[in-house]
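Here are my notes on this model, point by point. Please read them with the structure open.

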Amino acid sequence: MRESFWGVMIVTLGITSMFLVYFFQSITNTSEHNYELLKETTQAAMYDSLDLAAYRYDGTIRIDRELFVESFLRRFAQTATLSHQYHIVIYDVNEEPPKVSIRISTMGSETSTTLGGGDEAITFQLNNSIDAILETKYGIHGYGG
């Protein structure tokens, strides 16, 4: 009888540890995916919104605010995971010098089945933020700096 209790305890401990590994792996993958998506989307949207007319006229590097927001939201929506809900807050968009501040919050949930047969839902919120400055290789006259 005592050996059967040890067997039940080991099986229960194994199932619980597998659930914890799966849960934390899901959180880590979601956070890493959101950060990489935020970084790459911000960079691409900043390049998309460069004001080439101002650069050709007097060499100033600036971005168009409306074009940046439009490009960022379009690119983010194309590559975001459909199983999560996102809350995007664009805090600041400076046109000259080009700088943006963005925060993305993700609401996620995981459902697990307990040994008693019931389902248990766990919800969590992940926040990622970025402050990006557009850097160029050459200055106004073609020299570095």
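1. Ser 101 and its surroundings. Set aside the neighbours within four places in sequence, and Ser 101 is in contact with Val 89, Ile 90, Tyr 91, Asp 92, Ile 130 and Asp 131. Ser 101 sits in strand 2, which covers residues 99–113. Its relative accessible area is 9%, so Ser 101 counts as buried under the 20% cut-off. The side chain of Ser 101 also makes a polar contact of 3.0 Å with the side chain of Lys 99.

2. Confidence. The model is predicted. The mean pLDDT of the protein chain is 79, and 79% of the residues score at least 70. Strand 2 has the lowest mean pLDDT among the elements, at 76. Helix 3 has the highest, at 89. Where pLDDT is low, the predicted coordinates should not be read in detail.

3. Overall layout. The protein chain has three helices and three strands. From the N terminus, the order is α-α-α-β-β-β. Of the 145 residues in the protein chain, 27% are buried. Take the contacts between residues at least 6 apart in sequence: 56% of these join residues at least 24 apart.

4. Met 46. Which helix holds Met 46? Met 46 belongs to helix 1, residues 2–48. Met 46 has a relative accessible area of 2%, so this residue is buried. Beyond the neighbours within four places in sequence, the contacts of Met 46 include Ile 63 and Phe 68. Pro 98, Lys 99 and Val 100 are also among them. Met 46 and Leu 134 lie 88 residues apart in sequence, yet their C-alpha atoms are 7.1 Å apart in space.

5. Helix 3 geometry. Helix 3 spans residues 65–79 and has 15 residues. From first C-alpha to last, helix 3 reaches 22 Å, close to the 21 Å expected at 1.5 Å a residue.

6. Aromatic pairs. How many aromatic pairs are there? The count comes to three. In one of them, the rings of Phe 68 and Phe 72 have centres 6.0 Å apart and planes at 25°, so the pair is stacked. Phe 68 and Phe 72 are four residues apart in helix 3, so about one helical turn separates them. Phe 68 is buried at 0% relative accessible area, and Phe 72 is buried at 0% too. The rings of Phe 72 and Phe 76 have centres 5.9 Å apart and planes at 20°, so this pair is stacked. About one helical turn separates Phe 72 and Phe 76, because they are four residues apart in helix 3. Both Phe 72 and Phe 76 are buried.

7. The cluster. Phe 68, Phe 72 and Phe 76 form one aromatic cluster together with Tyr 86.

Conventions: Residues numbered from 1 in each chain as written. Predicted model: local features only at pLDDT ≥ 70, side-chain atom pairs only at ≥ 80, totals over all residues. Heavy atoms only, no water. Helix = DSSP H or I, 4+ residues; strand = E, 2+ residues; numbered from the N terminus. Buried < 20%, exposed > 50% of the residue type's maximum accessible area, 1.4 Å probe, protein only. Contact = heavy atoms within 4.5 Å. Polar contact = N/O pair within 3.5 Å; in protein donor to acceptor, adjacent residues only side chain to side chain. Expected span 1.5 Å × (residues − 1). pLDDT = per-residue confidence, 0-100. Phe/Tyr/Trp six-rings, centres within 6.5 Å; stacked < 30°, edge-to-face > 60°.
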